[in-house]
Amino acid sequence: MSDCLFCKIARGEIPSRKVYEDDEVFAFHDINPVAPVHFMLIPKLHLDSLAQADEAHSALLGKMLVLASRLACEQGLENGFRTVINTGKGGGQEVFHLHIHVIGGGNIPPMVKRS
Ligand code: 5GP
Ligand code: ZN
């Protein structure tokens with residue numbers, strides 16, 4: 001998708017603070033971090049969201065999860081981290097190129113508050 005923001009970032013047409021890159025994936029720091037460490041991992045292949053993924057993408061998605069953990073460690077998150085994938089308008093997704101948020105380094109509260 002030539003006009004997709006994250007495709008442009010992966011191609012280097014829009015600058016970003018790169019965390020990692022190989023033939024299939026690109027990782028970069030979020031422009032508006034919610035914690036001391038907040039980066040995103042994207043496939044170079046454009047998929048609007050996780051809802052567009054199917055069995056053909058299983059290996060790629062598995063690789064991304066394993067990589068998310070490795071990169072989190074390399075970014076200093078040995079004590080743990082949060083991974084978030086927002087999917088579709090109903091999931092609060094704002095940029096429609098599949099991405100995994102990796103977040104940590106601060107006081108990460110429980111994601112769902114129960115009273
Ligand atoms: P979503 O809400 O779609 O899961 O997350 C989109 C994320 O992309 C947001 O956390 C937002 O801060 C980040 N973002 C939006 N535009 C840019 C940009 O141009 N550069 C970078 N590095 N992050 C961006
Ligand atoms: Zn894209």
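User: Where is E13 found, and why does it count as partly exposed?
Analyst: In this predicted model, E13 is in the loop between α1 and β1 (18–21). Its relative accessibility is 48%. Buried would need under 20% and exposed over 50%, with partly exposed in between, so at 48% E13 counts as partly exposed.

User: What makes the pairing of the E13 and R11 side chains a polar contact?
Analyst: The two side chains are joined at 2.7 Å. The cut-off for such a pair of N or O atoms is within 3.5 Å, so 2.7 Å qualifies.

User: How about S2, why is that one called exposed?
Analyst: S2 is found in the segment before α1. Its relative accessible area is 58%, and exposed means over 50%, so S2 is exposed. S2 and H38 are 36 residues apart in sequence and 25 Å apart in space, C-alpha to C-alpha.

User: And S49, buried or exposed?
Analyst: S49 counts as buried because its relative accessibility is 7%, where buried means under 20%. You'll find S49 in the loop between β3 and α2. A polar atom of its side chain lies 3.0 Å from the backbone nitrogen of A51.

User: What makes L71 buried?
Analyst: L71 has 1% relative accessibility, so it counts as buried; the limit is under 20%. L71 lies in helix α2. From L71 to I108 it's 37 residues in sequence and 18 Å in space, C-alpha to C-alpha.

User: What surrounds ligand 1?
Analyst: Ligand 1 has 16 residues around it, and the closest are D30, N86, E94, H99 and H101. An N or O atom in the side chain of H101 is 2.8 Å from an oxygen atom of ligand 1. A backbone N or O atom of H29 lies 2.9 Å from a nitrogen atom of ligand 1, and for I31 the corresponding distance is 3.3 Å. On its own, ligand 1 has 520 Å² of accessible area, and the protein covers 83% of that.

User: Why is β3 said to be largely enclosed by the rest of the structure?
Analyst: Because seven of the seven residues of β3 are buried. Both faces are covered, with V37, F39, L41 and P43 on one side and H38, M40 and I42 on the other.

User: How do you know that β2 and β3 pair?
Analyst: Strand β2 (residues 25–29) and β3 share five bridges in the antiparallel sense. Pairing needs at least two bridges, so five is enough. V25 stands opposite P43 in β3.

User: Which other strand is joined to β3 by five bridges?
Analyst: That's strand β5 (residues 100–104), and the two run antiparallel. In β5, I103 is the bridge partner of H38, and V102 stands opposite F39.

User: What makes β5 largely enclosed too?
Analyst: Five of the five residues of β5 are buried, so the rest of the structure largely encloses it. I100, V102 and G104 lie on one side, with H101 and I103 on the other. Strand β4 (residues 82–84) is joined to β5 by three antiparallel bridges; T83 has V102 as its bridge partner.

User: What do β1 and β2 form?
Analyst: They form a hairpin with three residues between them. Three bridges join the two antiparallel strands, and K18 has F28 in β2 as its bridge partner.

Definitions and conventions:
Residues numbered from 1 in each chain as written. Chains lettered and ligands numbered in written order. Predicted model: local features only at pLDDT ≥ 70, side-chain atom pairs only at ≥ 80, totals over all residues. Heavy atoms only, no water. Near = heavy atom within 4 Å. Polar contact = N/O pair within 3.5 Å; in protein donor to acceptor, adjacent residues only side chain to side chain. Areas by Shrake-Rupley, 256 points an atom, 1.4 Å probe, with all protein chains shown as cover. Buried < 20%, exposed > 50% of the residue type's maximum accessible area, 1.4 Å probe, protein only. Helix = DSSP H or I, 4+ residues; strand = E, 2+ residues; numbered from the N terminus.
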